[in-house]
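Hi,

Here is the structure I promised to pass on. Have a look at it first, and my notes follow below.

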Amino acid sequence: MMNIEAMLGPSLNKIENVVKPKSIEVSGQIWDKTSALKRLRGKEDRLKRLVHMMLDNIPATWGELEEAIVEEHLESARHAAHSIKGVAGNLSGINLMNTMHICEQACVEENLDLVNRILPECKRQYSLLIQELTQYLDT
C-alpha cells in the first residue's frame, strides 16, 4: 500500500479550502467488483454495459486531461479530472478515484506543480483499472 501523502510530501499540504478524500492510500485492490455489483443491485449485465461505456468513453476524457495540463489550462484539467474521478467512483475504482481527486483539487488550487507530480500516479492507476476491467469483460 502506498501513501500518496508520503509520495507528494509538502505539496499535498498546499491544498487548502477543499475536502480531501477519506483515504488517500493506494491499496492493492484496483477494482472492487463486489461494491460495483452491489451498487447495481447485483445486475451483472448492467455492470458489463457500464464497463463497456467507460472503456469506450474515458480515453477521450483522459486525452482532454493531458492536453489541458500541457496547455496549463487548469479549469479544463479540473473538469476532465472530475469526470474521470466520477466514472472511477461509479465503478468502484477506488485508487483511480482517490488519485484523480487529488489532481482535481490541485487544479482548483491552481497548483500546477502538484498536478504534474500526481499525474504519473493517476496515469498508472488509470492503466491498471483499464487493464482489470478489460480482463473482466474477456472472462
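In this predicted model, the buried residues of α5 are L74, A77, A80, A81, I84, K85, A88 and G89. They all sit on the same side of α5, because the arc they cover around the axis is only 165°. In general, an α-helix has 3.6 residues a turn, so residues three or four places apart point the same way. As for what those buried α5 residues pack against, the partners are α3 (33–39), α4 (44–70), α6 (94–108) and α7 (112–138).

Just after α5 comes S92, with a positive phi of about 65°.

Now for α5 and α6 together. Their axes come within 8 Å and cross at roughly 160°. Angles over 145 count as roughly antiparallel, so that is how α5 and α6 run relative to each other. The crossing of α5 past α6 is left-handed. Among the residues making the contact are L74, A77, R78 and A81 of α5, with L96, M97, M100 and H101 of α6.

What about α6 itself? Of its 15 residues, twelve are buried, so α6 is largely enclosed by the rest of the structure. The buried ones include N95, L96, I102 and C107. From first C-alpha to last, α6 reaches 21 Å, close to the 21 Å expected at 1.5 Å a residue. After α6 you'll find E110, which has a positive phi near 55°.

Cheers

Notes
Residues are numbered from 1 along each chain as its sequence is written. This is a predicted model: local features need pLDDT of at least 70, side-chain atom pairs count only at pLDDT 80 or more; totals for chains, interfaces and linings use all residues. Side-chain values use heavy atoms; hydrogens and water are left out. Buried means under 20% relative accessible area, exposed over 50%, partly exposed in between (1.4 Å probe, protein chains only). Helices (H or I, at least four residues) and strands (E, at least two) are DSSP runs, numbered from the N terminus. The arc is that of the directions from the helix axis to the C-beta atoms. Contact means heavy atoms within 4.5 Å. Axes are lines fitted to C-alpha atoms, for helices over the stretch in contact, and angles run from 0 to 180 degrees between N-to-C directions. Angles under 35 degrees count as roughly parallel, over 145 as roughly antiparallel, 65 to 115 as roughly perpendicular and the rest as oblique. A crossing is left-handed if the near helix is turned anticlockwise from the far one by less than a right angle, and right-handed if clockwise. The expected span of a helix is 1.5 Å times one less than its number of residues.
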